[in-house]
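Here is a short note to read beside the model. Keep the structure open and find each residue as you go.

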Amino acid sequence: MNRVCVINVVGMTPSLLHAAPNLAAVGKASPWKSPLPAVTATCQATMLTGLSPRDHGIVGNGWYYRDTQEVRFWQQANSLIQGTKLYEGIETAKLFWWFNQSSGVQYSATPKPHYGCDGSKVFDILDHTDCNLTARLGKFPFFSFWGPGAGLACSQWIADAAAIVLREKQPTLSFVYLPHLDYDFQRLAKPSLDRVREVDDCAKKVIDAAHAIDARVVVVSEYGLVPVDQPILINRSLREAGWLTVRNGPFGEMLMPGECEAFAVCDHQLAHVYVRQPEKVFEVEAMLKSIDGVDQVVRPEQIELDHPRSGELIALAKPNAWFAYYYWFDDSLAPDFARTVDIHRKPGYDPCELFMTSKLRAMRKLVRKKLGLRYAMDVIPLDPSLVRGSHGLCPKVQHGPLVIGPGESPSEMRGFPEYIRGLLREPNNR
């Protein structure tokens, strides 16, 4: 087999490629079609299996677990993906791609904090590369991977780690995830092209390492981020209609999914709407269509999302809008986790975690932490109007995802396994 290195440059689009000469030099760039929703977990599952969400079951970055009556986002268990993965039976390095826990690959690294019984959290990664990455590169900069401090440092660290693993382990197939463009392209209406140049420099480290072991390089992106200026508070509308149930308590109002007649799991520009009683689906559908900013309300089978994990209805935002998960009417009653970076407890994706209410407040909280006092890092604003970029739909091709590589690249993500298997088998004439 030849060697192949796949670099996932999140948010790279044909319209940005002119600012990324190292990526552009990899090969022919072509737009390709993502599944819906065009979000990280769903797109990666489609690329790795060649299946649609109705078959691989990853219907978003998170969904409602009906058996436990919980909404859970950003799960890492590889067993959640249904279907055969592209890398099975091939010596593989999987570096910061999703669903990496117990993936069965030979070399892997993925974020995984330690959680104490008192609610404390210590940031760390799972390193199964046998390369001692933390000892050699320092601690993974977790605060630059997500949150108000998200930025370049994590992509630089991942690129350096990938270069080490490629050169020392020389895997047949490798997957590398560079998230840098995901941050300012959600924070700002007009992000600087410097962010593109920065991730291009990170990618060069991986490209050089891949070439050093005579590996073919393929660059992919999962989606393109588009400007938005309208948050849709879909759960507040459902609550106003009397269908959404909360429980008030010492930590604010908590969503009670199992007691709701209807509620939405918001994931960027798409929302799964779960309706408890089948006879209410038409009534809920009619109301959803009346919400400002909602473009379409469809049944999951219309967009290949008809899997048991999906909602009974799927709401799609207009191109300039996105779905915010907020369900409370009064910010004083917001759940305590709403003002924190808490990706697993929130019943929806929250890009407001990229912002901060006050650096001074955050510094005071850190002082309390260092003194061993109880604290909550409640510095996230409750202002969805701050968010200026989103994704999840299929925008015009110049602003959508792309694939760069040798040969005839696939026109949609479902064709990716066949494409990579072909590169592994064909003569390498690089």
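1. Ground rules. This is a predicted model, in which local features need pLDDT of at least 70 and side-chain atom pairs count only at pLDDT 80 or more, while totals for chains, interfaces and linings use all residues. Residues are numbered from 1 along each chain as its sequence is written, and side-chain values use heavy atoms, without hydrogens and water.

2. The core. The largest nonpolar core holds 147 residues. Such a core is a set of buried Ala, Val, Leu, Ile, Met, Phe, Trp, Tyr and Cys residues joined through side-chain atoms within 4.5 Å. Buried means under 20% relative accessible area, exposed over 50%, and partly exposed in between (1.4 Å probe, protein chains only). Met12, Ile234, Leu238 and Ile420 have the most contacts inside this core. Helix α5 (residues 152-169) gives the largest share of this core, 10 residues. Helices (H or I, at least four residues) and strands (E, at least two) are DSSP runs, numbered from the N terminus.

3. Ile234. Contact means heavy atoms within 4.5 Å. Leaving aside neighbours within four places in sequence, the contacts of Ile234 include Ala264, Cys266, Leu288 and Phe323.

4. Helix α11. Seven of the 10 residues of α11 (residues 416-425) are buried. Ile420 is one of them, and Phe416, Tyr419 and Leu423 are also among them. The cover over these buried residues includes β1 (3-9), α2 (40-49) and β22 (402-405).

5. Gly27. This residue sits in the loop between α1 (21-24) and β2 (28-31). Is Gly27 buried or partly exposed? Gly27 counts as partly exposed because its relative accessibility is 30%. Not counting residues up to four places away in sequence, Gly27 touches Ile404 and Gly405.

6. The cavity. The whole structure has one cavity of 30 Å³ or more. On a 1 Å grid over the protein atoms alone, a cavity is a set of points where a 1.4 Å probe fits but cannot get out; a pocket is an open set with protein on both sides within 12 Å along at least five of seven lines; lining residues have an atom within 4 Å of a point. The largest cavity has a volume of about 40 Å³. Its lining includes Trp63, Arg72, Trp74 and Phe99.

7. What is the volume of the second largest pocket? It is about 510 Å³. Of its 30 lining residues, Leu225, Val226, Pro227, Pro395 and His399 are the closest to its centre.

Terms used. Grid points are joined across faces, edges and corners, and a volume is the space filled by probe spheres set on the points.
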